Structure formats: C-alpha cells, structure tokens
Amino acid sequence: SSIMGRRGGSRPIVAPMMLLLHVSSVTGFSSLRLSSSTPVTHVARYAASPRSITMQHGGKGFGGGEATRDPPPTVYDPSDPKGKQQAIHKAESFAEYLAKRGGFSDSHKSGVCEPRGAAAATAVSKVAPATAPASGSPYAELADAYFADIRRELALLMDNPSWDDGSLAPVLIRLAWHSSGTYDKASGTGGSNGAGMRFDAEASDCENAGLHTARAFLEPVKRKFPGISYSDLWVLAAYVGIEHTGGPSIAFRPGRVDWEGEHELLAGGWCNPMPRGGHGRLPGAEKYVAYDSADAAGRPSGWQKLCGHIRDEVFYRMGFGDREIVALLCGGHVYGRCHRGSSGYAGAWVEHPTRFSNEYATDMLEDEWRLVGHEDTWLDDMGAAELRPAAGNRQYVNKCPLGTGGDDANQMMLLSDMALAWDPDFRVHLEAFAADEAMLAREFGAAFKKLTELGCEGVLQPEVAAGGLAAAR
C-alpha cells in the first residue's frame with residue numbers, strides 16, 4: 001500500500017520501522033524514518049453587568065496556537081469595546097479593528113464613532129449596538145440570524161497579520177479544546193459548560209498557558225452579543241476558525257451556561273485545589289518518558305506508558321476511541337505552533353499552520369524525525385533555531401546535523417505526536433488519514449463536535465439552522 005504526501009508523490013509503507021544511523025552526540029538518540037512501520041437569564045445578566053476582568057496566569061501549554069507566557073495579571077476594562085488589548089502583545093490596534101467595520105475612529109469612550117476623512121467634518125454617528133435578545137429569553141428564542149451575526153463577527157477576527165502566522169484561528173481552536181478537554185465521563189465533571197477558565201482554579205493549569213490571549217480577543221464579541229454565553233462563544237469561535245481555514249463546517253448547538261462564580265467550578269472537586277503541575281486532564285507531551293535508554297528502533301524508554309496516558313488518562317476518560325483520538329490530533333495539530341517561552345516546545349507541526357489539511361499525518365509518516373534538546377545548537381546553524389526547545393524539553397524535528405531536511409520548512413513533532421506512528425493501533429488510523437484528507441475532515445469535524453459537547457447534554461438546544469460562513473456573510 002502507499003500514501004500520498006504533500007509533495008504529490010507516493011511512498012511505500014514497509015512494516016518494520018527502520019533505524020537511521022545518524023546519531024546525535026548530545027542526545028544519543030537516532031533519528032527515525034517513519035515511512036515504515038436552559039434559559040440564559042443569568043448569562044445575559046452576567047454579560048450586561050459592569051465589571052472588570054482579570055487575565056489570569058497560565059503556564060505550560062500542549063496544543064497548537066499557544067501564545068507566549070502570560071504577563072502579570074492585567075485588568076481589562078470591558079466598557080472599552082476593544083480594550084485596545086493592553087494585555088496582549090502583537091494585537092491589532094483599535095483603529096485597525098474599527099477600520100474593518102466601516103472606517104470609524106477611536107471615540108468609543110463617549111459611545112460615538114466619528115467617520116474618518118472628508119466625512120468627518122460633517123457627520124457623527126452613534127455605534128449601532130447588536131440586536132440582543134431580551135434579558136431572560138431562552139436560547140430557543142434566539143433567532144438563527146443572531147448566531148449568523150456572531151459568526152460574521154468572529155470571521156472578521158480570524159485574519160490578523162500581527163499574530164502568529166497571520167491567524168487567530170489556531171489559538172481559538174486551542175481555547176475550545178482545552179475548555180472542553182477537561183471532561184470526565186465517570187464523574188460528569190469538566191467540559192465546556194460553565195467556561196471555567198475565566199477563573200483562576202482552571203486558568204492556572206500549566207497546560208493553559210497563553211489562553212488569556214484568546215479569551216481577551218473574544219471579549220469585544222461578547223460585549224456586542226451579550227445573549228451568547230462565554231462557553232458557547234469559545235466553542236463557536238473554534239468552529240468558525242476551523243471553517244475559515246478550510247476545515248469542515250461543524251453544526252453548532254447553543255445552550256451552554258456560564259458559571260456565575262468560581263464556587264460553581266470548585267464544586268466539581270477536580271481542580272480544588274489545583275495540583276502542582278496541573279489537574280492532569282489535558283495531555284502531557286512527554287509524560288512517563290525517560291531518556292536513559294532507547295529500544296531497538298531508537299524510541300526512548302517509557303513511550304508505551306505515554307501511549308497509555310494519551311488513551312486512559314485523557315481520551316478514554318472522556319469517551320473517545322483510538323480512531324477519534326487520531327482524528328482529533330491529526331486535525332488539531334495541523335494548526336498553530338509551540339513557543340519556547342510558553343510550553344517549552346518550539347515550532348510549528350506543519351509547513352502551513354493556518355490551513356486545514358492532512359499534512360500532519362503525511363509528514364509524520366514520510367519525513368525523517370530526530371530527537372533534539374535545547375543543547376542541539378546545530379539547529380541554529382541550519383537556520384532552524386526556532387525548533388530548539390527550552391532547556392529540559394525534548395521534541396522531534398525534521399532536521400539532521402549532517403544536512404538532512406535543510407531545504408524543508410522548519411517543523412517539529414512532540415513525543416505525544418510521534419506515539420501515533422509508534423503504536424500499531426494508532427498507526428493504522430494515521431495511515432488512513434494520511435491517504436484521505438476528505439475522510440480526515442469528516443471524522444475530525446465529528447470528533448471535535450463531540451469533544452465540545454461533552455458534559456453539555458442537559459443544556460444544549462437544537463442545532464442552529466445551517467449555515468456555514470457563506471450563509472453568515
């Protein structure tokens with residue numbers, strides 16, 4: 001059998017995994033060729049009431065699109081429609097934000113927007129607030145057009161030249177994933193309902209580093225559309241981000257209800273108090289891996305336990321099977337990049353990290369991958385310094401000190417990614433998705449929808465009338 005790669009060719013899959021004989025003098029590990037083997041009354045009231053929002057500390061992140069490490073807590077004033085994103089480095093200016101909405105200047109504090117240019121001398125117009133449902137109205141009464149307006153607003157946020165690779169989609173996808181990925185089917189706790197990451201008990205988990213940025217970017221949308229809960233908004237933003245970048249269109253079911261206070265989050269018990277190192281419900285990229293020895297294929301000891309962590313401690317806990325796990329990782333890790341100052345890992349998984357594709361799967365199987373650490377300064381000499389992780393972290397890169405991979409885009413894989421190729425039960429699905437991008441799109445969309453609806457069965461309303469971004473425009 002063969003798979004099609006991003007370079008347009010096919011390559012045979014050989015059953016035994018071959019070990020290349022290029023050995024790193026620092027790590028001692030060989031590079032690997034993987035071509036083988038409910039009403040919303042209190043929600044609306046919460047959104048409409050004046051308050052200040054504190055951006056919480058984060059720590060170490062796992063998924064794509066992470067931002068750099070959180071700054072000290074910063075008070076964000078929600079009475080400012082944009083807030084000028086003072087807590088966010090690289091955010092677009094308020095003027096740029098308004099320019100996309102009709103060329104108004106910054107006079108938002110008075111509630112008035114002044115047109116620019118020649119019209120400025122003769123015209124002043126009020127900001128037209130979004131039509132919001134009456135306080136106390138149930139979600140079932142929200143018009144489909146309301147959600148179409150929200151989709152349209154979210155789509156306007158996605159392309160941001162000053163952000164990583166010019167897109168906010170990866171970090172918004174990560175926000176929804178991490179908010180939803182805390183679900184535990186045995187206890188019924190966690191999940192996207194409640195938007196618990198607004199509170200320190202959840203936001204402080206080390207895997208949520210940088211997600212204060214995604215939440216702050218969505219704050220102006222929440223102000224404009226107070227009828228949608230934060231927990232619904234985070235999920236819908238991810239859906240829009242996926243579709244905006246060429247991924248599957250996912251039907252949206254509203255109805256998630258935000259916790260009114262941290263005490264509701266803490267009542268679940270799973271993050272009260274937050275254990276050192278995090279609550280453990282999100283994946284750890286190197287958990288249980290040791291680097292004191294390697295097997296005959298060059299894989300570090302403990303990689304089988306890492307596979308057990310991915311299955312038993314994370315995805316099986318939520319109710320996913322192996323194929324869904326691989327679909328989620330293949331679709332999710334095609335987006336964004338890791339940052340040394342946030343998670344300790346560095347670089348993008350794929351060459352085009354703002355487009356949906358099956359490139360993650362094809363590259364993992366077809367490219368040569370080498371384990372590196374912070375000490376591997378030869379990466380700098382190859383123009384791949386961005387792939388050198390922080391001290392104490394290990395990751396795989398598509399480079400070799402003898403020159404292999406020098407002409408390819410700088411890409412990396414975490415050990416938890418490589419496990420999909422190493423474990424035979426994962427690998428069969430990885431190969432299937434590498435061979436069929438349309439199938440990956442269908443199955444990733446279904447798995448991501450399932451992920452974001454876990455724990456919400458008692459509150460979700462029927463799907464909003466169809467309508468991808470084209471219908472929302």
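**View 1. Arg 311 lies over the face of Phe 426.** The distance from Arg 311 to the ring centre of Phe 426 is 3.8 Å; a charge counts as sitting over a ring if NZ of Lys or CZ of Arg is within 6 Å of the ring centre and within 35 degrees of the ring normal. This is a predicted model, in which local features need pLDDT of at least 70, side-chain atom pairs count only at pLDDT 80 or more, and totals for chains, interfaces and linings use all residues. Residues are numbered from 1 along each chain as its sequence is written, and side-chain values use heavy atoms, with hydrogens and water left out. Arg 311 belongs to helix H9 (residues 303-318); helices (H or I, at least four residues) and strands (E, at least two) are DSSP runs, numbered from the N terminus. Arg 311 counts as buried because its relative accessibility is 11%, where buried means under 20% relative accessible area, exposed over 50% and partly exposed in between (1.4 Å probe, protein chains only). Beyond its neighbours within four places in sequence, Arg 311 is in contact (heavy atoms within 4.5 Å) with residues including Asp 322, Asp 423, Asp 425 and Phe 426.

**View 2. Lys 222 lies over the face of Tyr 230.** Here Lys 222 is 5.0 Å from the ring centre.

**View 3. Tyr 239 and Phe 252 form an edge-to-face aromatic pair.** Rings of Phe, Tyr and Trp (its six-membered ring) pair if their centres lie within 6.5 Å, with planes under 30 degrees apart counted as stacked, over 60 as edge-to-face and the rest as tilted. The count by this rule is 12 aromatic pairs.

**View 4. Arg 256 and Asp 232 meet in a salt bridge.** A salt bridge is a side-chain nitrogen of Lys or Arg within 4 Å of a carboxyl oxygen of Asp or Glu, and the count by this rule is 17. In this one, the N to O distance is 2.7 Å. Arg 256 sits in the loop between H7 and H8, while Asp 232 is in helix H7, 24 residues apart. Arg 256 is buried, at 0% relative accessibility, and Asp 232 is buried at 0% as well.

**View 5. Arg 394 and Glu 375 meet in a salt bridge.** The N to O distance is 3.6 Å. Arg 394 lies in the loop between helix H12 (378-381) and strand E12 (395-397), and Glu 375 in the loop between strand E11 (368-372) and H12, so the pair ties together parts 19 residues apart in sequence. Arg 394 is buried at 18% relative accessibility, whereas Glu 375 is partly exposed at 36%.

View 6. Arg 427 and Glu 431 are both buried.
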